[in-house]
Amino acid sequence: MVKKVIIISSCVAGALIILAGAFFLTAVVGFGGSYTDADGRWKRATWKSSVSWTVGHPAFDGYGKYLLPWREGPASSAVPWMSYFWMCATTGWNTADVVDGVNFMIDREEEDGVRFIGFYDDAEISYSPDKADTGLIYIPGDGDKPFAFVVPGGGFTSEAVTAEGFTAARELHERGYPVFILIYRVSVENDWADQEALANADFGAAMRYISDNASDLGVRTDGYSVWGYSAGGRLSWLWGLDNGFGYAAHGAEAPAAAILSYSGWHEERFAGDYSSVPPTFLGYCMDDKVIGEERSEGIERYIEELRLLGKDVEAHVYDAPHGYGTGAGTEADGWMESAFAFWEKHI
């Protein structure tokens with residue numbers, strides 16, 4: 001009897017181990033495979049697809065490497081073999097939304113509806129080789145509508161191109177807006193302030209490129225908006241200031257609106273530079289554990305400062321995690337509708 005119980009217990013334990021292994025392989029380790037179906041059409045990503053499968057997808061030829069959030073350090077080696085489910089589970093992003101954003105871009109690429117643009121010339125890259133890791137992902141829209149300039153976040157150590165770039169582009173494109181997603185320099189080694197300055201330089205260079213090539217790109221230069229998330233929101237916030245970081249210092253037109261997500265906190269060193277700030281829409285988290293309590297309070301301080309200056313500012317606080325993107329699956333779901341209305345009244 002005892003022997004029979006031992007055998008049964010061993011079988012149950014073995015079955016559980018097999019099931020656990022199957023779950024690990026299915027949910028954690030992503031799957032690759034071919035990129036085309038029997039009809040020769042590109043395959044779409046699923047929650048089981050590995051990040052590296054997407055990085056190597058022919059739809060993203062020329063810029064697939066930027067779909068990997070981390071470009072250096074341990075995470076750049078670990079994340080590629082993960083499934084989208086597991087990568088999103090460990091970052092807090094909504095898996096279905098991120099995968100849908102990736103597939104939106106595959107659809108656009110299959111219709112020749114995307115351009116990847118290097119905005120630094122060969123001479124600039126020769127002088128500063130790190131400028132080679134920059135670019136603009138351009139999804140054309142209606143020529144009579146202003147463009148949206150989308151800047152994903154990542155703390156200047158990574159860049160959430162799929163979670164905060166592709167998903168935003170999908171929503172904007174559905175409304176006919178031309179969209180630019182900024183790829184800027186990030187590093188796990190550099191000081192925050194130094195990397196911020198480099199990213200701001202990329203922001204300005206990209207804007208100059210758009211302005212200088214507006215006719216070829218088929219976009220108008222007035223009425224545009226900047227959509228920044230976290231560190232990307234930080235860059236979009238800096239763009240509005242009356243100092244060396246701002247649009248005037250870069251010789252650019254003012255945006256019609258700045259849309260800042262979980263970013264845009266007040267800093268005393270820039271307190272006198274708010275006169276040029278454009279109409280601003282802010283969405284932030286009730287309890288943001290990433291930027292911390294002090295910076296969350298700084299966002300509220302910034303809102304107060306803008307209102308004292310008579311600026312048009314709309315602010316929403318959500319019971320949602322930092323990195324909520326489009327808000328899918330959280331209380332922030334639908335926030336972009338409010339942001340569209342805010343921008344459109346200033347176009």
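How much space lies in the second largest pocket? About 220 Å³, where a pocket is an open set of points on a 1 Å grid over the protein atoms alone, with protein on both sides within 12 Å along at least five of seven lines. The volume is the space filled by probe spheres set on the points, which are joined across faces, edges and corners. Before going further, keep in mind that this is a predicted model, in which local features need pLDDT of at least 70 and side-chain atom pairs count only at pLDDT 80 or more, while totals for chains, interfaces and linings use all residues. Residues are numbered from 1 along each chain as its sequence is written, and side-chain values use heavy atoms, with hydrogens and water left out.

Back to that pocket. Its lining residues (those with an atom within 4 Å of a point) include Lys65, Arg71, Glu72, Asp130, Asp133 and Arg185. Sorted by class, the lining has six charged residues, three polar and three nonpolar. Here Asp, Glu, Lys and Arg count as charged, Ala, Val, Leu, Ile, Met, Phe, Trp, Tyr, Cys and Pro as nonpolar, and the others, Gly among them, as polar.

The largest pocket has a volume of about 310 Å³. It is lined by 18 residues, and Gly154, Gly155, Ser230, Val290 and His322 are the closest to its centre. Its lining splits into eight nonpolar, eight polar and two charged residues.

A cavity is a set of grid points where a 1.4 Å probe fits but cannot get out, and the whole structure has two of 30 Å³ or more. The largest holds about 60 Å³, and Trp93, Asp97, Glu164 and Tyr324 are among the residues lining it. Helix H7 gives the largest share of that lining, three residues; helices (H or I, at least four residues) and strands (E, at least two) are DSSP runs, numbered from the N terminus. The second largest cavity holds about 40 Å³, and its lining has seven nonpolar, three polar and no charged residues.

H7 also has a helix partner. Ala168, Glu171 and Leu172 in H7 meet Met336, Phe340 and Trp343 in H12, with contact meaning heavy atoms within 4.5 Å. By class, that contact has five nonpolar residues, one charged and no polar. The axes of H7 and H12, lines fitted to C-alpha atoms over the stretch in contact, come within 12 Å and cross at roughly 55°.

Notes. Axes fitted to C-alpha atoms, helices over the stretch in contact; angles between N-to-C directions.
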